[in-house]
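Let's walk through this model together, one feature at a time. Have the sequence and the 3D view at hand as you read.

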Amino acid sequence: MNNRNLLRGLFLVAISLVFAGASLRYPVGGFDRAGPGLFPLMVSGMLLVIGVATLIQSRLLPPEPMKPQIKNISLILVALCGFALLSHFVNMIVGIVFMVFCASLAGDSFSAWRSAKIAAALVLIAVGFEKLLGLNLPLY
């Protein structure tokens with residue numbers, strides 16, 4: 001099986017089904033009174049739709065061969081681990097900035113300005129979560 005789109009669709013469908021199954025272990029509730037399992041179930045349902053659309057697209061388009069990008073996979077893993085470590089030992093803002101700049105190195109083109117805008121937007125979202133929703137995030 002050397003079709004990148006087919007493998008991508010199968011992976012998305014598998015991940016969505018795993019998270020949907022895990023979310024059903026919690027009470028789902030309804031839209032008027034949502035339970036803790038409703039949001040993960042809705043997100044996994046949307047991911048399932050994207051996965052099925054990718055599977056259909058893989059049958060309609062010519063196959064694209066798999067080209068493993070070890071450097072890109074490594075950069076994304078370093079970005080995620082660095083975010084977790086920096087958020088724990090320094091603060092989350094430093095972790096967000098590191099994650100964005102490190103992960104953007106995995107792309108085809110690097111733009112420091114674009115990465116700075118993305119990092120600023122994510123920091124603002126995190127501050128909004130802390131201030132508006134009252135979440136206890138280690139931002140400072």
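**Starting from Arg-4**

Arg-4 is partly exposed, with a relative accessible area of 30%; partly exposed means between buried, under 20%, and exposed, over 50% (1.4 Å probe, protein chains only). The model is predicted, so local features need pLDDT of at least 70 and side-chain atom pairs pLDDT 80 or more, while totals for chains, interfaces and linings use all residues. Residues are numbered from 1 along each chain as its sequence is written, and side-chain values use heavy atoms, with hydrogens and water left out.

The side chain of Arg-4 forms a salt bridge with that of Glu-64, at 2.8 Å from N to O. This pair connects distant parts of the chain, 60 residues apart: Arg-4 sits in helix 1 (residues 4-23), and Glu-64 in the loop between helix 2 (38-60) and helix 3 (70-89). Helices here are DSSP runs (H or I, at least four residues), numbered from the N terminus. Glu-64 is partly exposed too, with a relative accessible area of 30%. A search of the whole structure finds one salt bridge, defined as a side-chain nitrogen of Lys or Arg within 4 Å of a carboxyl oxygen of Asp or Glu.

Now turn to helix 5 (residues 112-133), where you will find Leu-122. Leu-122 is partly exposed, at 34% relative accessible area. Together with Ile-118, Ile-125, Phe-129, Leu-132, Leu-133 and Leu-135, Leu-122 makes a nonpolar surface patch of about 680 Å². Such a patch joins nonpolar side chains (Val, Leu, Ile, Met, Phe, Trp, Tyr) within 5 Å, from residues with over 30% relative accessible area and no salt bridge; accessible areas come from the Shrake-Rupley method with a 1.4 Å probe.

Key: Patch = residues over 30% accessible without salt bridge, like charges linked within 9 Å, V, L, I, M, F, W, Y side chains within 5 Å. Helix = DSSP H or I, 4+ residues; strand = E, 2+ residues; numbered from the N terminus.
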